[in-house]
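Work through these exercises with the structure open. Each task is followed by a stepwise solution.

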Amino acid sequence: MTTTTGAAAGLARGVLAGDVLAIARMISRVERRGLDAADDMAELYRAGGRARVIGVTGPAGAGKSTLVAALGGEFRRRGRTLGIVAVDPTSPYSGGSVLGDRIRMQSLWDDPEVFIRSMATRGALGGITRATADAVAVLDAAGKDVVLVETVGVGQDEVEIAQAAHSVVVVSAPGLGDDVQALKAGLLETADVHVVNKADREGADRTVAELRAMLGMSAGDGWRAPVLPTCAESGQGVDELAAALDRHHDWLLSSGEIDERLRLIARHRLKTLLTAFVHERVDRPMPGSAFETAVEALCRRTTDPWTAAHALLEEELSGRSKGRP
Amino acid sequence: MIEKDPDAPLVDETLGTRAEADLARWEAEELAGFLRRQPEEKEAYLTKARRPVRRVYTPADLAGTDWDDIGLPGRYPFTRGPYPTMYRGRTWTMRQIAGFGQPSETNQRFRYLIDQGQTGLSVDFDMPTLMGFDSDDPRSLGEVGREGVAIDVLDDMRELFKGIDLEAISVSMTINPTAWILMAMYIAVAEERGYDLNRLSGTIQNDILKEYIAQKEWIYPIRPSLRIVRDTIVYAARNMARYNPINISGYHISEAGGSAIHEAAFTMANTITYVEEVVKAGLDVDDFASRLSFFFVSQTDFFEEIAKFRAVRRTYARIMKERFGAKRPESMRLRFHAQTAAATLTRPQPMNNIVRTAFQALAAVLGGAQSLHTNGLDEAYSIPTEFAMKVALRTQQIIANETNVTNVVDPLGGSWYVESLTNEIEAEITRILAHVDSLGGTVRAIEQGYFQLEEADFAYGVAQRKASGEDVVVGVNKHVEPEDDQPVETHRIDPESERRQIERLGRVKAERDQQRVARTLKELEEVARDPDENLMPATITAVKASASMGEIVNALRDVFGTYVERPVF
Amino acid sequence: MSPVEAGQDPIRVLVAKVGLDGHDRGVKVVARALRDAGMEVIYTGLHRTPEQVIGSAVQEDVDAIGVSLLSGAHMTLLPRLLELMREQGIGDKLLIAGGVMPDEDVVELKAMGVAEILGQDTPPATIVATVERLVRDRQALRAG
């Protein structure tokens with residue numbers, strides 16, 4: 001295992017060599033404010049594109065973490081190397097977070113081919129944050145065959161995950177409120193595979209049946225999302241899940257749908273990164289920056305907000321170097 | 001058998017109304033005047049469980065209580081005690097725990113104590129034994145024989161009780177996930193020596209449910225572990241008439257952060273589940289309930305603790321009668337061991353701990369405990385010294401012999417405050433049990449983290465109040481003396497002792513009949529796969545073949561799986 | 001103002017229980033206090049081996065590892081943790097221990113490289129402040 005220096009250039013090289021320390025530090029870099037990882041990320045993005053990205057989402061209490069661990073174990077048994085990114089919400093009050101997914105994945109801790117990273121949303125809106133997508137890219141570049149992303153599962157984040165993953169698994173469980181009705185609008189159609197976890201519980205059969213009925217109604221052609229019962233704790237149904245995901249991946253390739261999916265992912269990446277850059281400049285503007293100057297001008301009423309905003313955007317997009325305002 | 005007498009309200013209407021009116025006038029007159037000159041020190045007065053208490057209690061507070069709710073000791077609902085004479089007939093058992101090192105060392109200590117007149121032994125085990133690891137397991141490194149005795153194979157158990165008459169001496173083993181194996185070894189030794197199993201008296205703690213929510217010693221997932229406990233209770237009910245196969249515990253729930261109400265309620269929730277399991281196995285509740293025993297803390301809020309003990313006795317009696325249809329009084333009568341609260345002991349000014357322990361012990365006595373362990377003054381930071389243990393014992397002896405509190409049974413019965421508090425705590429226990437039922441029962445509630453979250457929340461509040469000084473701890477956040485620090489002394493691992501134990505184990509493993517061991521383990525696995533079969537006979541066979549505790553545990557891991565915790569914050 | 005608002009990246013802490021000791025009341029109080037102070041807390045759960053703890057610390061690239069030890073096995077476990085940290089290239093990270101330990105052990109452990117040892121009665125606010133101070137000092141040292 002190569003040791004790693006703190007120097008930026010060395011970090012990307014370390015990631016490409018699969019060095020665990022380098023991977024960990026690179027993910028930290030993309031998480032940090034300041035957004036100064038462009039050099040490394042350019043190198044890593046060019047080297048990536050091989051990993052299958054599978055998003056796992058669903059309401060709290062469905063057993064996502066346990067399922068991700070079980071699914072990860074199944075992929076390992078099939079000889080794939082694995083990256084897992086587990087996202088938990090940051091408290092809007094304290095800014096802190098207890099990241100409680102890793103603890104559910106102990107079965108994978110001792111496996112050197114598995115890299116698990118816990119991330120907090122850090123106030124970003126959307127379950128697949130810019131940082132999460134970057135972390136996935138790092139694991140991709142590190143050579144992982146499969147990257148599982150487990151998201152928070154509240155708000156519209158669940159739908160967003162479709163824009164960052166090749167395959168999306170939506171996990172529900174019997175007894176979580178109104179079961180199928182609890183799946184938010186858009187989530188039903190988002191799933192490439194539906195899982196009803198805790199299938200040994202009462203009402204599981206009913207949930208599976210309801211889902212199948214609802215999906216049958218919105219039938220299109222192309223991929224038909226299967227509804228699979230699983231019991232993540234015992235491992236039941238997990239090999240069928242892995243098989244279904246393999247089938248989905250094959251279908252993406254054979255049908256050509258993969259292009260559309262990749263386009264969606266690229267669009268989302270660019271959008272989130274652009275938004276992040278703008279936020280960064282706007283949230284922490286440097287004194288003397290164009291932003292600050294515009295604020296002063298507004299106060300003196302020598303300009304108006306619309307004109308000022310247009311002008312700032314022009315400046316940003318008109319080929320200025322990647323330096324700060 | 002228990003006939004319903006006509007209602008006998010404790011407080012007749014006239015008295016109740018009059019007391020209320022008096023109170024109102026007193027509040028307007030004497031109290032108001034006094035408060036103007038000298039306001040009260042606190043905004044609110046709360047018990048340690050954060051329940052508000054009144055300034056003063058009157059008969060009006062017992063307006064809804066019936067005499068039958070209180071009644072007499074040794075009679076349903078046993079609010080006032082399990083026996084009619086209590087300490088007038090027999091003082092509580094003064095049972096102080098001890099245990100360390102190798103079986104032979106502990107055996108020596110035991111024989112010394114017996115010579116000194118002790119009639120009951122209490123065994124503490126090392127962490128590997130508690131958790132199911134043999135002494136030669138890599139995870140046992142640094143832990144073998146350090147905090148208790150190491151037991152790997154039947155030979156160790158033979159050594160532990162060498163020269164001790166198990167029919168005359170009662171043995172208590174503080175052990176949980178591996179309790180059934182230790183019990184099997186104990187039975188095997190007894191059988192070897194020709195003892196009548198029905199004459200053996202003693203107990204194993206064996207309360208696995210509280211592990212998941214409090215003490216956190218576990219191996220297998222909840223349901224198979226529950227099955228194991230069921231098997232021990234069934235086996236004991238059929239073969240060991242004087243044995244208490246379980247000590248359902250609230251102590252650890254309290255130490256893990258729960259309030260007095262959490263402790264009482266969660267213990268009852270666990271009890272309900274155990275009784276349900278054994279009844280499902282085909283036993284009549286009256287066949288085994290009299291052998292269920294309990295273990296509670298005696299904490300620091302004096303009256304709340306006394307009320308807690310009385311409330312839990314009454315609740316238990318009602319549960320056994322109404323929910324489970326018990327007919328014999330022995331099945332409804334809760335007996336408990338109490339231990340003073342280790343969590344209240346402080347490192348600064350350790351002499352203060354003697355006083356704390358004394359008050360907590362007194363509360364346990366006034367609450368009707370059947371046996372009591374008082375903590376040593378230095379237990380918060382040290383291996384208890386002999387001096388500390390002696391003072392702890394003397395504390396009990398002074399209460400028993402000098403204070404005269406034992407002259408009268410349930411002396412606080414009838415106190416408007418204590419009876420109100422008892423009623424309140426019972427109501428809270430009942431409310432919590434209904435909630436647990438709504439969650440689908442104890443096991444489902446554990447899976448959903450209900451108990452754990454309640455404890456964690458309460459513990460957080462306690463930590464905050466201690467830090468802010470709102471909860472006073474004398475010597476720690478009030479009346480602090482600078483530069484008063486007691487030297488910490490912890491159990492050192494004796495590498496020699498560890499090595500010797502590992503060597504012993506190696507010898508036994510080399511000299512035994514390997515094929516026989518393999519056979520017994522295979523048989524055990526098969527029995528385990530059928531949830532209706534009782535594990536005890538096959539376990540006894542396996543330990544007799546010198547299968548080690550770790551081998552037995554591992555063999556069943558394949559059948560039962562391993563528990564994965566979901567911590568809640 | 002939370003660290004995120006203040007423009008600082010949140011501190012990441014691995015809160016660990018090593019060995020067979022099952023006391024987690026204190027460790028849960030600490031985890032909550034750290035979270036309420038704006039930190040990201042990864043809890044290892046109970047009964048972890050030193051290898052599992054350090055392996056997690058490496059992947060999560062935490063700023064500090066907090067270990068709670070109430071069993072008395074600290075003179076075996078803490079040196080082992082330090083050794084693994086060095087072996088796996090994170091010897092520069094902070095290892096903070098909490099629990100009940102004799103003074104001479106505290107001295108020895110600090111000499112070995114444990115950054116700080118916090119006694120059992122340490123108020124949560126003090127633990128938070130200590131972690132913050134140690135982490136920010138270490139970060140400043142690296143930046144400078």
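**Exercise 1.** Which residue forms a salt bridge with Glu40(C), and how many Å apart are the closest N and O atoms?

*Solution.* The model is predicted. Step 1: the partner is Arg122(A). Step 2: the closest N and O atoms of Arg122(A) and Glu40(C) are 2.7 Å apart. Step 3: the cut-off is 4 Å, so the pair qualifies as a salt bridge. Step 4: across the interface of chain C and chain A, the rule finds 3 salt bridges.

**Exercise 2.** Find the elements of chain C that give two or more residues to the side touching chain A.

*Solution.* Step 1: the interface has 15 residue pairs in polar contact, both residues at pLDDT 80 or more. Step 2: the elements are α1 (25-36), β2 (40-43) and α2 (50-60) of chain C. Step 3: α2(C) gives the most, with 5 residues. Step 4: sort that side of chain C by class; it has 10 nonpolar, 10 polar and 9 charged residues.

**Exercise 3.** State how much area the two chains bury, and which residues of chain C lose the most.

*Solution.* Step 1: count contacts; 29 residues of chain C touch 28 residues of chain A. Step 2: the chains bury about 2500 Å² between them. Of this, 48% is on carbon and sulfur atoms. Step 3: Asp9(C), Glu40(C) and Gln59(C) lose the most area in chain C, together 23% of what that side buries.

**Exercise 4.** In which sense do β3 of chain A and β2(C) pair, parallel or antiparallel?

*Solution.* Step 1: β3 of chain A spans residues 97-99. Step 3: take Val98(A); its bridge partner in β2(C) is Val41(C).

Definitions and conventions: Residues are numbered from 1 along each chain as its sequence is written. Chains are lettered from A and ligands numbered from 1 in the order in which they are written. This is a predicted model: local features need pLDDT of at least 70, side-chain atom pairs count only at pLDDT 80 or more; totals for chains, interfaces and linings use all residues. Side-chain values use heavy atoms; hydrogens and water are left out. Contact means heavy atoms within 4.5 Å. Buried area is the accessible area (1.4 Å probe) that two parts lose on being put together, summed over both. A salt bridge is a side-chain nitrogen of Lys or Arg within 4 Å of a carboxyl oxygen of Asp or Glu. A polar contact is a pair of N or O atoms within 3.5 Å; within protein, one must be able to donate a hydrogen and the other to accept it, and residues adjacent in sequence count only if both atoms are side-chain atoms. Helices (H or I, at least four residues) and strands (E, at least two) are DSSP runs, numbered from the N terminus. Ala, Val, Leu, Ile, Met, Phe, Trp, Tyr, Cys and Pro count as nonpolar, Asp, Glu, Lys and Arg as charged, and the others, Gly among them, as polar. Two strands pair if DSSP finds at least two bridges between them.
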